[in-house]
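This report looks at one protein chain, and it is meant to be read with the structure open beside it.

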Amino acid sequence: MLVRTVELPPHRTWRLPGREGLPRPDMHQLLVPLRGTRLRAAWDGSASVSVAGDLYVHGVSPPQSAAFEAVDGRGRCEAVSVAFPGTLPRLPVGGIDRFPGRRIAGDRGVGPLLTGFLTQVVGHAEELRPSDAPRLGNVLLDLLSAFFAQLLESEAAPEPESARRSLTLRIGAFIQQHLHDPGLSPATIAAGHHISVSHLHRLFQEHGGTTVSSWIRRQRLEAARRDLTDPLLHTTPIHRIAARRGFTHAAVFSRAFRAAYGLPPKDYRHRALATPVPAP
């Protein structure tokens with residue numbers, strides 16, 4: 001595999017008649033536009049625009065027609081280029097053949113890991129030694145395999161909306177199980193489900209119309225409210241109830257609770273436990 005930074009000048013290619021019989025090398029090229037660069041590419045009639053963080057895949061052998069140019073008119077598009085074999089470990093034969101000529105979002109799943117690794121490699125190339133190449137090559141091979149395997153799995157899903165809803169439900173259950181953890185955050189939730197933070201935020205906007213942090217706080221407050229009204233917990237100090245629901249500062253908990261329910265936690269507990277429960 002070859003990893004390098006390239007500048008792509010505007011250019012077009014065509015396959016000449018009568019040359020279709022040339023053997024096609026089993027190699028592909030992955031392009032990752034660098035920051036501030038937008039790459040417009042057309043491949044056998046399929047056009048797309050890729051920006052920093054996206055990935056663009058094409059075959060090494062010439063297509064029927066192709067064109068590359070920078071969108072902003074600067075003439076050249078700077079990108080990280082990776083030449084890699086079309087047969088990757090743990091992927092079905094021909095699995096990558098469905099992706100050439102397509103812009104692939106790199107902000108979810110394994111995408112950020114792959115693009116981050118590539119930009120770090122080219123950014124620190126002068127500090128690397130020849131002996132580092134085999135080790136880094138193995139890491140890159142694993143990342144490429146995981147990235148394309150994830151793409152193939154997502155494209156095989158019969159119902160994308162159902163898959164998103166299922167993921168949202170799993171994330172909701174995960175949050176409920178970790179409300180006690182003060183370190184629970186959008187970043188840890190996204191990492192635990194192998195998605196990007198931006199993807200996580202989109203899921204909550206689509207299905208709940210709220211932010212992840214707001215939803216976590218609401219669930220923590222509601223769990224604490226239930227604890228305060230539980231007769232079996234009437235001797236448990238309020239600060240301990242707050243801590244078991246992820247609030248590390250009693251004053252912060254008290255202010256948030258009062259804003260949500262109209263009473264300080266102590267008064268809310270007293271009123272709830274003093275009210276007799278109607279007989280069934």
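The model is predicted.

Helix 1 covers residues 111–123, which makes 13 residues. Which residues of helix 1 are buried? They are G111, L114, T115, F117, L118 and V121. Viewed down the axis of helix 1, the buried residues fall within an arc of 160°, so they line one face of the helix. L113 and G123, on the other side of helix 1, are exposed. The general rule behind such a pattern is that an α-helix has 3.6 residues a turn, so residues three or four places apart point the same way.

| Helix | Residues | Number of residues | End-to-end C-alpha distance | Expected span |
|---|---|---|---|---|
| Helix 6 | 212–228 | 17 residues | 24 Å | 24 Å |

The buried residues of helix 6 include V212, W215, I216, Q219 and R220. Among the others buried there are L221, A223, R225, D227 and L228.

**Nonpolar cores**

In soluble globular proteins, nonpolar side chains tend to be buried together. Here the largest nonpolar core has 24 residues. Those with the most contacts inside this core are L30, F84, L114, L118, L144, F147 and F148. At least two residues of the core come from each of strand 3 (27–33), strand 6 (55–59), strand 8 (77–85), helix 1 and helix 2 (132–156). Helix 2 gives the most, with 7 residues. There is also a second, separate core of 15 residues, and L179, L184, F204 and I216 are among them.

**A pocket**

The second largest pocket has a volume of about 260 Å³. Its lining consists of 13 residues, and V3, V121, A133, L136 and G137 are the ones that lie nearest its centre. Strand 1 (2–8), helix 1 and helix 2 each supply at least two residues of this lining. Which element gives the most to the lining of the second largest pocket? Helix 2 does, with 5 residues.

**Aromatic pairs**

A pair of aromatic rings is described by the distance of the centres and the angle of the planes. The structure holds 7 aromatic pairs. One of these is formed by F147 and F148: it is edge-to-face, with 5.3 Å from centre to centre and 75° between the planes. Both F147 and F148 are buried. In the pair of F257 and Y261, the ring centres are 4.7 Å apart and the planes stand at 45°, so this pair is tilted.

F257 and Y261 are 4 residues apart in helix 8 (residues 250–261), and are therefore separated by about one helical turn. F257 has a relative accessibility of 0% and so counts as buried. Y261, at 26%, counts as partly exposed. F257 and Y261 belong to one aromatic cluster together with F247, F253 and Y268.

**A loop residue**

H194 is found in the loop between helix 4 (186–192) and helix 5 (197–207). H194 is not a glycine, yet it has a positive phi of about 60°. Is H194 buried or exposed? Its relative accessibility is 58%, so H194 counts as exposed.

Note on methods: Residues are numbered from 1 along each chain as its sequence is written. This is a predicted model: local features need pLDDT of at least 70, side-chain atom pairs count only at pLDDT 80 or more; totals for chains, interfaces and linings use all residues. Side-chain values use heavy atoms; hydrogens and water are left out. The expected span of a helix is 1.5 Å times one less than its number of residues. Buried means under 20% relative accessible area, exposed over 50%, partly exposed in between (1.4 Å probe, protein chains only). The arc is that of the directions from the helix axis to the C-beta atoms. Rings of Phe, Tyr and Trp (its six-membered ring) pair if their centres lie within 6.5 Å; planes under 30 degrees apart count as stacked, over 60 as edge-to-face and the rest as tilted. A nonpolar core is a set of buried Ala, Val, Leu, Ile, Met, Phe, Trp, Tyr and Cys residues joined through side-chain atoms within 4.5 Å. On a 1 Å grid over the protein atoms alone, a cavity is a set of points where a 1.4 Å probe fits but cannot get out, and a pocket is an open set with protein on both sides within 12 Å along at least five of seven lines; lining residues have an atom within 4 Å of a point. Grid points are joined across faces, edges and corners, and a volume is the space filled by probe spheres set on the points.
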